[in-house]
Amino acid sequence: MFSKIVIVAFAILAVVATASKVVDLNANNFDEIVLDGTKNVFVKFYAPWCGHCVRMAPAWDELAAKVGEDTIIANLDATAHQAVAQRFGVRGFPTLKFFTKGNKDGLAYQGGRDAASLSSYVEKNAQ
């Protein structure tokens, strides 16, 4: 019995250790998180059916694990929260916008979709 408990405990720890640090946004928490003037927030506006969005997910997760405490990496399902996406001119997927501490209008990201390019952009533009 004890060995089964130990195995289950290790399995739970493995899941927690690999859990993504990406914050899931929605219409209820978007303004509170993204418009917080003490944080930089990099948002991926995505659609669940978008192949480019799905392929980009590992790089987005890797970026979330790398950034400092004053930067949040986040997702917003733009198909489920269309009003929020429309506020920021989202017309295609994925759309990436970096909301720095000093610019809550959002900077449009046009670079590579790999973790190194994303990380370099955050480092260069974070305030």
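Q: Which residues does Thr-38 touch, not counting residues up to four places away in sequence?
A: A contact means heavy atoms within 4.5 Å. By that criterion Thr-38 touches Asp-70 and Lys-101. The model is predicted: local features need pLDDT of at least 70, side-chain atom pairs count only at pLDDT 80 or more, and totals for chains, interfaces and linings use all residues. Residues are numbered from 1 along each chain as its sequence is written, and side-chain values use heavy atoms, with hydrogens and water left out.

Q: Is Thr-38 buried or exposed?
A: Buried means under 20% relative accessible area, exposed over 50%, and partly exposed in between (1.4 Å probe, protein chains only). Thr-38 counts as exposed because its relative accessibility is 52%.

Q: How far apart in space are Thr-38 and Thr-71?
A: The C-alpha to C-alpha distance is 9.1 Å, while the two residues are 33 apart in sequence.

Q: How is a pair of aromatic rings described?
A: The distance of the centres and the angle of the planes describe such a pair. Rings of Phe, Tyr and Trp (its six-membered ring) pair if their centres lie within 6.5 Å; planes under 30 degrees apart count as stacked, over 60 as edge-to-face and the rest as tilted. The structure holds twelve aromatic pairs. One of them, Tyr-109 with Tyr-121, is edge-to-face, at 4.7 Å centre to centre and 70° between the planes.

Q: Are Tyr-109 and Tyr-121 buried or exposed?
A: Both Tyr-109 and Tyr-121 are buried. One aromatic cluster is formed by these two together with Phe-42, Trp-60 and Phe-98.
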